Amino acid sequence: MRAADSQAAEAGIPSSVLMEAAGQAVAEAARDRFPHARRVLVLCGKGNNGGDGYVAALHLTQEGRQVQLLEIGNEPTTADARQARDACLATEMHVQTLSLQSLEAHLGESEIVIDALLGSGFGRSLDGLLAEVVQVVRAAAVPVLSVDVPTGVDADRPYPPGPHLSADYTVQLAGAKLASALEPAATAFGAWQVADIGIPPSLLAANAVASLLEPDMVRPNLPTRAADAHKYRVGTVLVVGGSPRYLGAAELACRAAYRGGAGLVTLLADARLAGGWPEVVLEPLAGKTLADARRAIEPGRAQVLVIGPGLDGADPIELVRLLDLHHGPAVLDAGALIADEGLRLAVGRHGGCVLTPHHGEAARLLAVPVAEVRADPLAATRTLAGRWNTVVALKGASTVIANPAGTLSVSSSGHPGMAVGGAGDVLAGLIGAWLAGAVDTSLRTAAAVYVHGLAGEVAAERYGAGLVAGDLVESLPQAWSRLL
């Protein structure tokens, strides 16, 4: 955003125009989202975020709202913010210095708080007065509308660095901030909108770090089926997994592949789950190595490999041999995600793999603490995709997808009820089904991730919060149809 602001100024767009548009957007959001709030408390910081608050306060005053403005100091640090403050003073608005006393005096009689204290450039833990202000506001039963980023939240990180406000609504300015798509920080934004403040879309796109997956972006990358399709043309999937302890994991991956539109799904394992779907064909290992068993399967029945769901104690040398035999796309999940140099090189040679680790598995593959992955999932995903020369979908409450070139997308679809055993196996099977015939592995993977999350939302509508992975399987067709 800093770069986009600078380039907008170089293009001849005055920063004061951007501030006016931002403040007006905040005032409009306050009116639209909280139409009955007549008494408004505006908290202004010393920078441009505070300047946006001054402009919003002015517009709300002109609409007839009763506005009380509390500011940090009385001398904003930027010329635009000073000009906006002077305009407020010219209207004889109630302006006071922010302190715990002044905050407590006005908070109880306010119907909405507009948080314009700190913007997207803040990235350290709050201390002193601001930390206390945050605690007082959080304890009050007054709705909060934040400007750009809730105070105390780092705009680039999934974990706020310390005390922070939790907004009911946030007006993000010009572009969505990474934290608004990354849990748990995303929760602090509440519901949110992005306000167009006049920065050209081309400048925003040129400076964007990642794409936030939305229906219109996903829809063109969904697989389609021709009227004269047959089971081999729509795609066949071979699932390699299902050790005795985890037969259910392989079964879930197989079922998800079918619900994802695969024409034929085969399971390569010692055994399969009792009561498994009759449509799944079992190819027993019968003492053979994975590579030798794979050779015995017709290529047309294994256009895509899904390796790892329920696979316990796999030999990386066998996985390398398996990949070297296979010329189509392959998904590596769970038991196939082994930190082995030979496997890494084989994945890179193959060139058509997708890795689907959770944070712990990604940390193991990168040889870093899991806290490092959680602190910056975008960097971890990009690094892993580049190091392994493959597409990576780093699973979590917000899933990050990267290709070897470092292009990133983030999916925030999903439901907390998806935090359940087997959900990742469902994703692996769905990705496997959708990689058949895919022109761009990364885009098709991102589409599958989004629909997998949407299936969780659909399942929660039916079952509530207590989901099992099988609910996701059964909800995949409806989620897919909902997008279409």
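A crossing of two helices is called right-handed if the near helix is turned clockwise from the far one by less than a right angle. The views below all come from a predicted model.

**View 1. Helix H2 packs against helix H3 in a right-handed crossing.** Helix H2, which covers residues 15-33, and helix H3, which covers residues 48-62, pack at an angle of about 55°, and their axes lie 7 Å apart. Among the residues that make the contact are Met-19, Ala-22, Gly-23 and Val-26 of H2, together with Gly-51, Asp-52, Val-55 and His-59 of H3. Taken by kind, the residues of this contact comprise eight nonpolar, five polar and two charged.

**View 2. Ten strands form an open sheet with mixed pairing.** The order of the strands is E8-E17-E16-E15-E14-E13-E12-E9-E10-E11, and the edges are strand E8 (211-212) and strand E11 (281-284), each of which pairs on one side only. Within this sheet, strand E9 (residues 236-240) runs parallel to strand E10 (residues 264-269), and the two are paired over five bridges. For Leu-238, the bridge partner in E10 is Thr-266.

**View 3. Ser-243 is in the loop between strand E9 and helix H11 (247-259).** The relative accessibility of Ser-243 is 12%, and this residue therefore counts as buried, since the cut-off for that class is under 20%. When its neighbours within four places in sequence are left aside, Ser-243 is in contact with Gly-310, Leu-311 and Asp-312.

How values were computed: Residues are numbered from 1 along each chain as its sequence is written. This is a predicted model: local features need pLDDT of at least 70, side-chain atom pairs count only at pLDDT 80 or more; totals for chains, interfaces and linings use all residues. Side-chain values use heavy atoms; hydrogens and water are left out. Two strands pair if DSSP finds at least two bridges between them. Helices (H or I, at least four residues) and strands (E, at least two) are DSSP runs, numbered from the N terminus. Axes are lines fitted to C-alpha atoms, for helices over the stretch in contact, and angles run from 0 to 180 degrees between N-to-C directions. Contact means heavy atoms within 4.5 Å. Ala, Val, Leu, Ile, Met, Phe, Trp, Tyr, Cys and Pro count as nonpolar, Asp, Glu, Lys and Arg as charged, and the others, Gly among them, as polar. Buried means under 20% relative accessible area, exposed over 50%, partly exposed in between (1.4 Å probe, protein chains only).
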